[in-house]
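Here's a quick briefing to read alongside the model.

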Amino acid sequence: MKLNKMIETCMLALCALPFVATAELSKAEWQAKVGDCASNPAEMKSIIAQVPAADQADFVAKVNAAIAKKPGSAESKAADFYAANKAAVSGATDKSAVLAEVYATVPVEYLTDINERFATELFSRKANPEKPVSDAAFVELSTNALAVVNKRCESAENADVRQTFAALMFVRASEGSPEGLVSTYVSQMTDPKAKESAAGWISEATGAGGTEASYDSMLAAANAGDEPDHAIVLQMSSDPNGLMEALLADLQASGAGSAAGSAAGMGAGAFTTMSISGAPSSPDGFPDTRLDRVPRGAIGSSSAVGGNSEGTNEGQENPYYSRRRGSGVGVASEPFVPEPPDYVK
């Protein structure tokens with residue numbers, strides 16, 4: 001009886017877990033988390049998912065202000081700004097609004113790193129090869145997002161430079177197509193100075209015409225601080241897996257119908273099926289990460305590896321090759337043998 005009662009209690013707890021983990025934080029609660037995200041940007045993605053959508057931009061602004069006050073080199077701050085703001089955009093409900101807050105509140109000199117890395121790691125057209133983004137769709141998505149960014153940056157210091165950095169990000173993400181994007185983006189800028197200077201700044205920053213790429217003119221116009229060494233920032237904040245996130249389409253999706261309102265978005269994806277790089281998938285397409293799975297050695301190869309004093313195992317079948325217990329997948333030359341009953345209780 002006690003065992004049954006314990007099982008029932010655990011099941012109830014598991015059923016309630018997503019709702020507990022994704023419960024919205026009150027204003028006092030999320031304000032108390034600002035320092036945590038500033039000191040440890042890795043926490044940003046999970047925390048922002050719990051901040052009410054209407055407060056997420058304000059939360060990001062406060063985290064950026066806290067990072068700006070931290071001591072440290074330009075490179076260490078650049079790494080923190082990059083990590084915190086990438087996580088914020090990735091985990092936000094309304095990604096356009098949070099992206100706008102990024103460009104409005106990150107100090108200008110650190111937008112040099114953010115615009116380049118966001119272009120390749122968040123909004124690249126190559127992020128999801130299975131779902132290529134057409135030129136028409138890219139223009140629509142990027143101009144809609146820039147409209148939100150431009151509006152927010154109107155009230156920020158150095159609005160012209162900030163609007164240009166945002167446009168530059170999408171120019172880089174476009175992979176050079178369609179033609180005329182710079183003119184399209186400049187025409188929708190709301191800051192008069194940006195309309196005058198943005199095209200030249202973008203040309204200089206991208207090294208158009210064979211010149212050396214440089215942010216000098218943009219940083220000088222904003223009287224900005226020192227530009228960080230991008231190679232050092234990359235070393236300090238690079239993703240060890242080199243993964244890109246396909247967020248381009250998400251710029252237009254927010255609210256209940258978006259991923260943030262689905263199981264995939266709850267807890268910043270904490271309740272989706274796990275995926276482990278290098279682990280084989282089962283025949284039904286799910287990663288081999290079930291709780292009832294018995295760990296295996298060398299599960300990724302049907303051929304045996306290694307050897308002993310008598311020689312190598314080259315050409316022999318691996319007796320431990322297995323994907324999911326009880327799935328019927330095993331050594332091809334032998335009939336499948338179910339796992340011992342004790343394993344599946």
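**Salt bridges and the rest at a glance**

The structure holds nine salt bridges. Keep in mind that this is a predicted model. The chain has 15 helices and two strands, and 39% of its 345 residues are buried. Take the contacts in the chain with a separation of 6 or more: 67% of them are between residues 24 or more positions apart.

**Charge pairs**

- A bit of background first: side chains of opposite charge can pair when their charged atoms come close.
- Lys-62 and Asp-58 make a salt bridge through their side chains, at 2.9 Å from N to O. Both residues sit in helix H5 (residues 56-68), four residues apart, which is about one turn of the helix.
- Is that pair buried or exposed? Lys-62 is partly exposed, at a relative accessible area of 32%, and Asp-58 is partly exposed too, at 31% relative accessibility.
- Glu-154 and Lys-151 also form a salt bridge, with their closest N and O atoms 3.8 Å apart. Glu-154 is partly exposed, with 40% relative accessible area, while Lys-151 is exposed at 58%.
- Then there's a network of salt bridges, which links Lys-86, Asp-113, Arg-117 and Glu-121.

**Asp-80 and what it touches**

- Asp-80 belongs to helix H6 (residues 74-91). Its salt-bridge partner is Lys-70, and the closest N and O atoms of the two are 2.7 Å apart.
- Lys-70 lies in the loop between H5 and H6 while Asp-80 is in helix H6, so this pair ties together parts that are 10 residues apart in sequence.
- Asp-80 counts as buried because its relative accessibility is 18%, under the 20% cut-off. Lys-70, at 23% relative accessibility, counts as partly exposed.
- Which residues does Asp-80 contact, once its neighbours within four places in sequence are set aside? They are Pro-41, Ile-67 and Lys-70.

- For context, most residues other than glycine have a negative phi, and most peptide bonds are trans.
- Ser-177 and Pro-178 are joined by a cis peptide bond, with omega at about 0 degrees. You'll find Pro-178 in the loop between helix H10 (159-173) and helix H11 (181-187).
- Glu-175 is in the loop between H10 and H11 as well. Glu-175 isn't a glycine, yet its phi is positive, at about 60 degrees. Glu-175 has a relative accessible area of 44%, so it is partly exposed.
- Asn-223 is another residue other than glycine with a positive phi, near 50 degrees. Look for Asn-223 in the loop between H13 and H14. With 70% relative accessibility, Asn-223 counts as exposed.

**The negative patch**

- Which residues form the negative surface patch? Glu-212, Asp-216, Glu-227 and Asp-229 do.
- One of them, Glu-227, sits in the loop between helix H13 (216-221) and helix H14 (230-237). Glu-227 counts as partly exposed, at 30% relative accessibility.

**Around Ala-213**

- Ala-213 is in the loop between helix H12 (192-206) and H13. Its relative accessibility is 47%, so Ala-213 counts as partly exposed.
- Where does the chain come back to Ala-213? Leaving out residues up to four places away in sequence, Ala-213 touches Glu-204, Ala-205, Thr-206 and Gly-207.
- The C-alpha atoms of Ala-213 and Ser-203 are 8.3 Å apart, and the two residues are separated by 10 residues along the chain.

Key:
Residues numbered from 1 in each chain as written. Predicted model: local features only at pLDDT ≥ 70, side-chain atom pairs only at ≥ 80, totals over all residues. Heavy atoms only, no water. Patch = residues over 30% accessible without salt bridge, like charges linked within 9 Å, V, L, I, M, F, W, Y side chains within 5 Å. Areas by Shrake-Rupley, 256 points an atom, 1.4 Å probe, with all protein chains shown as cover. Salt bridge = Lys/Arg side-chain N within 4 Å of Asp/Glu carboxyl O. Lys, Arg positive; Asp, Glu negative; His and termini not counted. Charge placed at Lys NZ, Arg CZ, Asp CG, Glu CD. Buried < 20%, exposed > 50% of the residue type's maximum accessible area, 1.4 Å probe, protein only. Contact = heavy atoms within 4.5 Å.
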